[in-house]
Amino acid sequence: MVTQHNRDSKFPLQRLDPLSKLIALFCLAILAMSIDRPFPQAVMLLFVLAAALAGAGMNAARLGRRALFIAGFGLPLFILTSISAAEGQVYFSLGPIPVTEGGVLYGAAITLRMMVLFLSSLIYIESTDPKDFIVIMAQCLKLPYRFLFGVSMALTFLPLLEAEAKISGAARRIRGGRAPVGMSERMQMWRSHLFSIFAGAIRRVQQTAGAMDGKGFGAYRNRTYLREVEMGVSGYVVSAASVAALLILMLV
């Protein structure tokens, strides 16, 4: 059973309970970490992108920006891995550094693996209500609710900080009247932008801590829950299918 908001969603991953999605995420991560070939990693990346668009209802433009952001970190990783893991046929040489077939393939596999892991985690965050995550982990896995609340805060604050960063950036562009010119002005704008985001995060943490203290959070060993979240039939099916697919693909 999931909450009414999740039941009304038209996207399947948003209707699915957090625990079964977490099991599927772990299975995908284990599979990605155990494969060192680029083609299977590319297939998993396409699967993750399709799940983000059709399963989680993520916006294509926003997903593309996230993928390009991750690819920006993946390009240096690909270059360094291709050079350091030289093996097999030599394509060409950059001075004393050979670029080989084995190094390029291994570098591509590592880069695609990083994108699969980051994007699949992003899908989980985007399609999961942090409150449902806390409830099902505490009720089904019997994890300490104090620890789970910390995880929930991380899942909640990241989207809020992203939204505040966009608002702050738009406000600064309006007040500035013109785009920054030169590296010095850009560095000054970024420094001021980061400071405002950091100050907003500290203010939000203080407000949350005050609310927790006022409500007596952590005063008792156990707590009651207003929300009820359980694994339904679809959750058990997804969990079993994920584990079965992992075992089959690991044995192939």
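Q: Which residues of α7 are buried in this predicted model?
A: The model is predicted. The buried residues of α7 are Pro130, Asp132, Phe133, Ile134, Val135, Ile136, Met137 and Ala138.

Q: At the start of α7, which backbone nitrogen does a side-chain oxygen of Asp129 reach?
A: The pair sits at the start of α7 and involves a side-chain oxygen of Asp129.

Q: What phi does Lys142 take?
A: Lys142 is found in the loop between α7 and α8, the latter spanning 145–176. Most residues other than glycine have a negative phi. Lys142 is not a glycine, yet its phi is positive. Just after α7, the phi of Lys142 is about 60 degrees.

Q: Is Lys142 buried or exposed?
A: Residues with a relative accessible area over 50% count as exposed. Lys142 has a relative accessible area of 65%, so the class of Lys142 is exposed.

Q: How are α3 and α7 oriented to each other, parallel or perpendicular?
A: Helix α3 covers residues 18–34, and its axis and that of α7 come within 9 Å and cross at roughly 85 degrees. Angles of 65 to 115 degrees count as roughly perpendicular. The arrangement of α3 and α7 is therefore roughly perpendicular.

Q: Which residues of α3 meet α7?
A: By class, this contact has 7 nonpolar residues, no polar ones and 1 charged. On the α7 side the residues are Asp132, Phe133, Ile136, Met137 and Cys140. On the α3 side they are Pro18, Leu19 and Leu22.

Q: How are α4 and α6 oriented to each other, parallel or antiparallel?
A: Two packed helices are described by the angle between their axes and the distance between the axes. Here α4 (residues 38–55) and α6 (residues 101–127) have axes that come within 9 Å and cross at roughly 20 degrees. Because angles under 35 degrees count as roughly parallel, the arrangement of α4 and α6 is roughly parallel.

Q: In the contact of α4 with α6, how many residues are nonpolar?
A: In α4 the residues are Pro38, Gln41, Ala42, Met44, Leu45, Val48, Leu49, Ala51 and Ala52. They meet Leu105, Ala108, Ala109, Leu112, Arg113, Met115, Val116, Leu119, Ser120 and Ile123 in α6. Divided by class, the contact has 1 charged residue, 2 polar and, for the nonpolar class, 16.

Q: Is Gln41 buried or exposed?
A: Gln41 lies in helix α4. Leaving out residues up to four places away in sequence, Gln41 touches Ala32, Ile35, Ala109, Leu112, Arg113 and Val116. Its relative accessibility is 0%, so Gln41 counts as buried.

Q: How are α5 and α6 oriented to each other, parallel or antiparallel?
A: Helix α5 covers residues 60–84 and packs with α6 at an angle of about 150 degrees, with the axes 9 Å apart. Angles over 145 degrees count as roughly antiparallel. The arrangement of α5 and α6 is therefore roughly antiparallel.

Q: Does α5 pass α6 in a left-handed or a right-handed crossing?
A: The contact of α5 with α6 has 16 nonpolar, 6 polar and 3 charged residues. For α4 passing α6, the crossing is left-handed. For α5 passing α6, the crossing is right-handed.

Q: What is the C-alpha separation of Gly150 and Ile134?
A: Gly150 lies in helix α8, and its 41% relative accessibility makes it partly exposed. Ile134 is among the buried residues of α7. Gly150 and Ile134 are 16 residues apart along the chain, and their C-alpha atoms are separated by 9.5 Å.

Q: How far apart in space are Ser192 and Gln139?
A: Ser192 is found in helix α9, residues 182–214. Its relative accessible area is 28%, so Ser192 is partly exposed. Ser192 and Gln139 are 53 residues apart in sequence, and their C-alpha to C-alpha distance is 43 Å.

Q: Among contacts between residues at least 6 apart in sequence, what percentage join residues at least 24 apart?
A: The chain has 10 helices and 2 strands, in the order α-α-α-α-α-β-β-α-α-α-α-α. Of its 252 residues, 33% are buried. For contacts between residues at least 6 apart, the share joining residues at least 24 apart is 73%.

Note on methods. Residues numbered from 1 in each chain as written. Predicted model: local features only at pLDDT ≥ 70, side-chain atom pairs only at ≥ 80, totals over all residues. Heavy atoms only, no water. Axes fitted to C-alpha atoms, helices over the stretch in contact; angles between N-to-C directions. Helix = DSSP H or I, 4+ residues; strand = E, 2+ residues; numbered from the N terminus. Left-handed = near helix turned anticlockwise from the far one by under 90°. Contact = heavy atoms within 4.5 Å. Nonpolar A, V, L, I, M, F, W, Y, C, P; charged D, E, K, R; others polar. Buried < 20%, exposed > 50% of the residue type's maximum accessible area, 1.4 Å probe, protein only. Polar contact = N/O pair within 3.5 Å; in protein donor to acceptor, adjacent residues only side chain to side chain.
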